[in-house]
Amino acid sequence: MLCCLLVTAAVPAWAEPVDSVQVRITDNGGTSGVLLDRMSRSMQVVAEQLFLDKDSVNINAARGDYERLLAEVGDRVLTGYRMESVSVSAGSVTAIDMRVAPWSAAVDDVFVDLQFSGVEPGSAEFLKARLPQLQNRIENIIKGSSVDASDWAGGILRRLVRSEVEEKLPEFKAAVDVVREDERTVVQVVIYPVGQLVQNVDYSMTSESIPNLLLLDLKQHYAQKADALRGLPVEYVKRHQAELENLLLTDLQNEKSVKLHNLAPAVKLVPGGTLGVEINMGSDKYKIWFEGYGDIGRDEDNISGRAHFGKFISDRDEIFGEVGVTLDDVDWDFSAGYARHWGKATLSYMRRSPNAENVFRGEYDFTSKWRLRTEYFSDTDTTEIAVRYRIHEFLSAEYVYSNDKPYFRIVGNL
């Protein structure tokens with residue numbers, strides 16, 4: 001028995017190497033988990049270099065020395081914080097617990113200044129809505145941290161903001177700066193567009209359902225909304241085209257004048273350096289327009305006007321009346337007719353008095369700006385073929401080829 005005890009005493013304690021290290025840093029509860037995790041990762045590197053593959057028995061034997069060493073390193077690495085305590089428990093998995101505290105004051109007043117540079121204020125609002133939690137996340141991360149840790153805390157915020165902007169707004173970049181103003185910490189976030197930008201806006205609001213004069217106030221109001229898209233990246237507009245169209249459409253549908261006149265707005269965006277914003281204020285109930293004509297190349301009846309009053313009796317069928325006047329001798333005409341609509345094409349027949357004239361009209365809208373018209377007048381056996389270009393809501397130009405005499409027409413769209 002004595003021999004066995006002597007042999008056992010002669011064998012050294014079994015050495016257990018360190019396979020992994022777990023560093024956990026805590027404070028009094030003021031510093032955010034994001035910053036504490038960043039501190040833990042920094043000290044994790046140091047601890048792994050010290051302890052991995054080392055004999056845990058020897059580490060425990062010199063525990064006090066290792067704890068003092070880690071405290072000294074932590075004081076240098078974790079700027080803005082001091083080590084209050086360090087505990088090392090060595091084993092196959094070596095656990096290191098550290099408790100820290102700010103050098104001086106902690107951040108208790110945070111202001112996040114989130115700005116969108118290069119875009120209009122109206123666009124900045126819905127861009128900001130795509131980052132709904134960003135400001136709160138920034139505040140939660142920085143609040144409670146040491147005021148002296150702004151440099152490396154700012155680096156964490158930069159990575160956070162850039163990552164979120166890249167995910168939610170990939171057509172934008174972000175710059176982040178953290179400064180101390182008096183007793184307040186200010187985090188300035190500037191988000192700016194990159195790539196090809198919308199430099200100009202080609203905006204129009206037209207209607208053949210009611211006179212354009214009735215839309216003047218609405219037109220000016222939505223011109224401002226259209227201008228708010230200036231400065232956005234073209235790729236952003238392409239990616240969110242349907243959403244942007246729907247935003248404008250929803251606002252239009254809630255307008256009192258739109259509801260009053262039973263209008264059904266349609267919005268179309270044409271992305272590009274010059275952004276097209278086309279709003280058509282149509283109606284499936286009626287069609288009313290007033291036009292004035294000034295003809296160049298005709299000697300007679302070269303100043304005239306026409307008013308159209310139509311009522312839809314189905315999705316495609318319209319009955320209407322027209323009143324025309326020529327100013328040379330103030331000669332009036334009155335028409336009653338029927339029109340059939342197929343998308344961009346319209347065929348019409350009307351009976352015009354007092355000359356008991358039959359008028360046949362065909363129209364085709366190639367785009368919102370270009371229209372082809374052909375018209376036959378039985379009283380004078382005249383056929384006209386015309387191409388019209390809409391310059392803007394209140395002015396169009398039309399070239400008319402007639403078997404009577406070709407001419408050029410300026411059209412005022414009232």
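1. The second largest pocket has a volume of about 170 Å³. A pocket here is an open set of points on a 1 Å grid over the protein atoms alone, with protein on both sides within 12 Å along at least five of seven lines; the volume is the space filled by probe spheres set on the points, which are joined across faces, edges and corners. This is a predicted model, in which local features need pLDDT of at least 70 and side-chain atom pairs count only at pLDDT 80 or more, while totals for chains, interfaces and linings use all residues. Residues are numbered from 1 along each chain as its sequence is written, and side-chain values use heavy atoms, without hydrogens or water.

2. Which residues line the second largest pocket? They are Gly122, Ser123, Phe126, Lys225, Ala228, Leu229, Leu244, Leu247, Leu248 and Asp251, lining residues being those with an atom within 4 Å of a point. Helix H5 (121–128) and helix H10 (241–253) are the elements that give two or more residues to this lining, and H10 supplies the largest share, four residues. Helices (H or I, at least four residues) and strands (E, at least two) are DSSP runs numbered from the N terminus.

3. By class, that pocket lining has six nonpolar, two polar and two charged residues. Nonpolar means Ala, Val, Leu, Ile, Met, Phe, Trp, Tyr, Cys and Pro, charged means Asp, Glu, Lys and Arg, and the others, Gly among them, are polar.

4. There is one cavity of 30 Å³ or more, a cavity being a set of points where a 1.4 Å probe fits but cannot get out. The largest cavity holds about 40 Å³ of space. Val107, Ile142, Ser145, Ser146, Val147, Ser150, Val178 and Thr185 line the largest cavity, giving four nonpolar, four polar and no charged residues.

5. Now the sheet: three strands form an open sheet in the order S1-S3-S2, with mixed pairing (two strands pair if DSSP finds at least two bridges between them). Strand S1 (20–26) and strand S2 (81–89) are at the edges with a single partner strand each, so one side of each has no neighbour in the sheet. S1 pairs with strand S3 (residues 93–102) in the parallel sense over seven bridges.

6. Overall, the chain has 11 helices and 19 strands. Its C-alpha atoms fill a box of roughly 140 × 55 × 35 Å along the principal axes.
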